Amino acid sequence: MPPTGLASSVPNDLEAYWLPFTPNRAFKKAPRLLVAANDMHYTASDGRAVLDAAAGLWCCNAGHNRAPIVEAIRHSAGTLDYSPPFQFANPQAFELASRIAALAPGDLDHVFFCNSGSEAVDSALKIALAYHNIAGQGARTRLIGRERGYHGVGFGGISVGGIVNKRKMCGTLLAGVDHLPHTYSREHQAFTKGEPDWGAHLADDLERIVALHDASTIAAVIVEPMAGSTGVLPPPKDYLKKLRAICDKYGILLIFDEVITGFGRLGFAFAAERYGVVPDMITFAKGVTSGTVPMGGVIVRAGIYDAFMRGPEHVIELFHGYTYSAHPLACAAGLATLNLYREEKLFERAKALEPMFADAVMGLKSLPGVLDIRTLGIVAGIDLAPHPDGVGKRGTAAMEHAFHKEDLLVRTTGDTIALSPPLIVSEAQIGEIVEKVGRVIKAVS
Ligand SMILES: Cc1ncc(COP(=O)(O)O)c(C=O)c1O
């Protein structure tokens with residue numbers, strides 16, 4: 001049910017707030033303000049119920065304002081407002097770490113907490129470098145990312161990331177970074193449901209990079225199992241297995257950035273499980289608290305953690321951490337969220353819904369200007385033909401039209417509409433989302 005009875009609170013001065021990843025002047029002329037949320041809907045400041053086809057920003061996997069999560073946060077705020085994470089801890093941090101490690105495959109047994117996906121990525125890259133250092137392989141300093149990859153906005157993340165607009169204004173970035181090619185080819189993959197057949201060979205490019213730099217200089221490879229923010233690029237069949245094999249061959253750590261794919265988005269706790277590949281580290285954020293309280297983290301294999309635990313016991317093993325690592329409110333929210341995922345079997349639900357979701361979204365393929373559709377788990381990317389006036393114009397028009405005229409919240413990146421509704425979405429609501437998106441596409445074509 002859409003939320004009801006909320007006073008709209010429209011600020012009278014929009015000047016001071018500098019919005020992130022938003023054209024500020026355009027936004028302030030026609031703001032899109034959200035004042036409440038419940039289950040599958042937001043409430044806009046004019047009182048309209050807006051169907052959420054994006055899980056906020058790929059994060060509210062359990063839906064909005066779910067009572068057990070809200071209660072857990074309330075209780076935590078009234079009990080333990082804050083506890084320092086250096087030299088002290090709150091009990092829920094241990095419980096949450098155990099629960100997350102239990103969800104992760106193989107010997108991914110230890111969890112380092114931070115507050116966002118960007119911090120998770122920078123933490124994982126630092127752990128990789130430090131690990132090689134203490135293992136006596138300090139020359140392994142190179143980091144390998146992938147074109148079109150998104151790993152947040154820290155300097156580490158944008159260095160291994162491969163989206164030009166996020167890199168080009170920030171100088172030389174980290175030194176010693178190389179990139180694998182991205183895995184998308186419209187010619188070979190257009191309108192694929194799930195993992196495309198074409199493209200596994202692109203993992204072999206890692207052999208070229210090793211030949212160029214030598215394995216003894218390479219610390220880690222980081223990839224999103226499914227590239228999300230660039231516009232939804234599912235991995236080609238066997239691609240990730242090949243990457244794992246090449247990393248194993250050369251002693252290179254493999255990091256899966258599961259900030260989007262973690263916590264059920266692809267029908268499993270982690271994409272690593274879907275693909276039968278155990279990376280050395282998994283970064284997560286977003287879905288761990290269903291977006292309610294900022295939290296991120298890195299799940300680390302036992303061998304890496306153990307390597308750090310060999311020095312004198314009174315000495316800090318890793319000089320890294322954040323004031324808000326394992327914040328009590330985030331831990332409480334995380335535990336309540338994981339309980340909800342388990343009780344409502346939301347990961348299994350996503351898996352069961354995948355074929356219906358894919359068929360429904362593919363139904364849009366013959367609409368005007370639709371160049372490609374990709375689906376995976378409860379995610380879809382719909383590429384629209386760019387407007388002659390510039391890349392991104394049609395995508396933005398689609399997002400605006402969806403919000404103002406169709407009461408639908410979608411995410412767009414360039415001219416791609418990305419759909420990733422909360423995992424509580426019903427079949428009827430999937431139908432509603434697709435109908436609305438169909439009308440949006442026609443309106444902006
Ligand atoms: C794969 C991936 N890594 C990292 C991030 C950055 O997360 P945050 O915005 O929480 O810093 C994102 C955000 O969308 C992401 O998709």
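Modeller: In this predicted model, a residue is called buried if 20 or more other C-beta atoms lie within 10 Å of its own.

Biologist: What makes strand 12 and strand 14 partners of strand 15?

Modeller: Two strands pair if there are at least two bridges between them; strand 12 (residues 379-384) joins strand 15 over 4 bridges in the antiparallel sense, with Asp 383 bridged to Thr 416, and strand 14 (residues 411-413) joins strand 15 over 3 bridges, also antiparallel, with Arg 411 bridged to Ala 418. Strand 14 and strand 15 form a hairpin with 2 residues between them, and Gly 414 in the turn has a positive phi of about 60°.

Biologist: How do you know that the span of helix 4 agrees with its number of residues?

Modeller: At 1.5 Å a residue, the 13 residues of helix 4 (residues 91-103) should span 18 Å, and the end C-alpha atoms are 19 Å apart, which agrees.

Biologist: Why are the buried residues of helix 4 said to line one face?

Modeller: The buried residues are Gln 92, Ala 93, Leu 96, Ala 97, Ile 100 and Leu 103; seen down the helix axis they fall within an arc of 135°, so they line one face of helix 4. Pro 91, Ser 98 and Ala 102, on the other side, are exposed.

Biologist: What covers the buried residues of helix 4?

Modeller: The cover includes strand 4 (108-114), strand 10 (296-301) and helix 13 (328-343).

Methods:
Residues are numbered from 1 along each chain as its sequence is written. This is a predicted model: local features need pLDDT of at least 70, side-chain atom pairs count only at pLDDT 80 or more; totals for chains, interfaces and linings use all residues. The expected span of a helix is 1.5 Å times one less than its number of residues. A residue is buried if 20 or more other C-beta atoms lie within 10 Å of its own, exposed if 12 or fewer, and partly exposed in between; C-beta atoms are placed from the backbone. The arc is that of the directions from the helix axis to the C-beta atoms. Two residues are in contact if their C-beta atoms, placed from the backbone, lie within 7 Å.
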